[in-house]
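Please look over the model first.

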Amino acid sequence: MGSFRWWFTAVLVLAVGVTVNACPPSDRAALLALKAALHEPYLGIFESWKGNDCCSKWYGVTCDPTTKRVADIALRGESEDPIFQKAKRTGYMTGSISPELCKLERLSNVIIADWKGISGTIPSCITTLPFLRHLDLVGNQISGEIPSDIGKLSLLTVLNLGDNKITGRIPRSIANLTSLMHLDLRNNLISGTIPINIGKLRMLSRALLSNNQISGQIPNTISYIYRLSDLDLSLNRISGPIPEALGKMKVLATLNLDGNMISGQLPTSLMNSGISILNLSKNGIEGSIPNAFGPRSYFMVMDLSYNNLKGPIPESIASASYVGHLDLSHNHLCGAIPAGSWFDHLEASSFTYNDCLCGKPLKAC
C-alpha cells in the first residue's frame, strides 16, 4: 500500500510538473487557430507546431519563462534563419490573421511580416491586448482600416503596417500611443488628413507615411514631437505651406515631402537647420530660395527640383558646411551659379531646365 501511495504521489507530481511547465491549453488552442487560418506551402514553418507544449520548439513562439504564457510571435517571411537558407527562397503565406490571436492576452510582440499574400483585416480585438509593445504586419496584403481605438495600446512602441492595402483614415486615437517610437504606414491606401493631435506622440522618432492618399495640410503640431528625426510624407496629396516650425526641430534630420501639392514659399528655417536630407521636389513651391545658409547647413541631399522657384541661387549657399547631392532643376531660377567647393562635383543636370542660370557647370555667364 505504501509503495502504491509513493507511486501515485510521484505520478501526480510529474503530472503537475508537466502542467506547470507547459503553455496553457487556451494559448495552445489560440495558436492552432492562428495556424489554421494561414497557409504556408513552401517552408513548413508550422510543422513544429505540434505537441501539448507550445512553449517548446514551436517555430517563432516564445513564452514568458515564469508564467508560461505566450509572449512573442515572430514570423518573418524574409529571414536569415536556416529554414529559409535550406529552402533557398523567401517566404510566402496566404490566409488571414485569426481573431483568436487576441486570446493570447499576455502577448508583447506580434510580428507576422513580409509574407506577401496574407490578406483580410487587422483583427479589431487586437486593441484589447494590454501588454502589446510591438505590432509588425508589414509586407502583406492586409486591407480594411486601422482599428479606431488603436490608442488603447498604451505600451505600444512600434506600429509597422507598411506595404499593405490598408484604407481609411489615421485614427485620432493614435495620438494616445504616448510610448510610440516608430510609426510606419508607408505604401498603403490611407486617406484623410494627418490628425491635428499628432503632436502628443512625444516619444516618436520615425514617422513614415509615404505613398498613400493623405490630404490636407501638414499640422504645425508635428513640431511638438521633439524626438522626431525622420519625417516622410512623400507621394501623397498634401497641400498648403510647409510649417516654419519644422526647420526649428532639434533632431529632425530627414524631411521628405516630395510628390505632393505643397504650395507657398520655402521656410527660411529649413536652410540653416539640422536637416541633412531634404527632398521637396515635385510640388508647387514658389518664391525664391532663402539666402539663409550658414555653417549649420549640412546637406547630404537637397532636392528642390520640379517646383516654381524663381530668382537667383543664394550666395550664402557657399558658406554651408557641406552640400552633397543638390538638384535645383526644373524651376525658374536665374543668374550666376555661386562659386564654391560644393559646386565643383555637381553636374549640369543639377541646374538644367531653369530660366536663365549660367556659370559652371553650365555655360559661362
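Is Arg69 buried or exposed? Arg69 is buried, with a relative accessible area of 16%. Here buried means under 20% relative accessible area, exposed means over 50%, and partly exposed lies in between, with a 1.4 Å probe and protein chains only.

The model is predicted: local features need pLDDT of at least 70, side-chain atom pairs count only at pLDDT 80 or more, and totals for chains, interfaces and linings use all residues. Residues are numbered from 1 along each chain as its sequence is written, and side-chain values use heavy atoms, with hydrogens and water left out.

**Salt bridges**

A salt bridge is a side-chain nitrogen of Lys or Arg within 4 Å of a carboxyl oxygen of Asp or Glu. By this rule there are 8 salt bridges. Three of them are tabulated here.

| Arg69 | Glu105 | 3.7 Å |

Take the pair of Arg69 and Glu105, joined by a salt bridge. The pair links distant parts of the chain, 36 residues apart. Arg69 sits in the loop between β2 (61–63) and β3 (70–76), and Glu105 in the loop between β4 (94–95) and β5 (109–113). Helices (H or I, at least four residues) and strands (E, at least two) are DSSP runs, numbered from the N terminus. Glu105 is partly exposed, at 44% relative accessible area. Salt bridges also connect Asp27, Arg69 and Glu105 in a network.

Lys116 is partly exposed at 32% relative accessibility. Glu78 is partly exposed too, at 44%.

Asp149 has 27% and is partly exposed.

**Aromatic rings**

Rings of Phe, Tyr and Trp (its six-membered ring) pair if their centres lie within 6.5 Å; planes under 30 degrees apart count as stacked, over 60 as edge-to-face and the rest as tilted. The count comes to 5 aromatic pairs. One of them joins Phe84 and Trp115: the ring centres are 6.3 Å apart and the planes stand at 40°, so the pair is tilted. Phe84 lies in helix α3 and Trp115 in the loop between β5 and β6, so the pair ties together parts 31 residues apart in sequence. Phe84 is buried at 3% relative accessibility. Trp115 is buried at 0%. Elsewhere, Phe46, Trp49 and Trp58 form one aromatic cluster.

A charge sits over a ring if NZ of Lys or CZ of Arg is within 6 Å of the ring centre and within 35 degrees of the ring normal. Arg89 lies over the face of Tyr42, 3.9 Å from the ring centre. Arg106 lies over the face of Phe131, at 4.0 Å.
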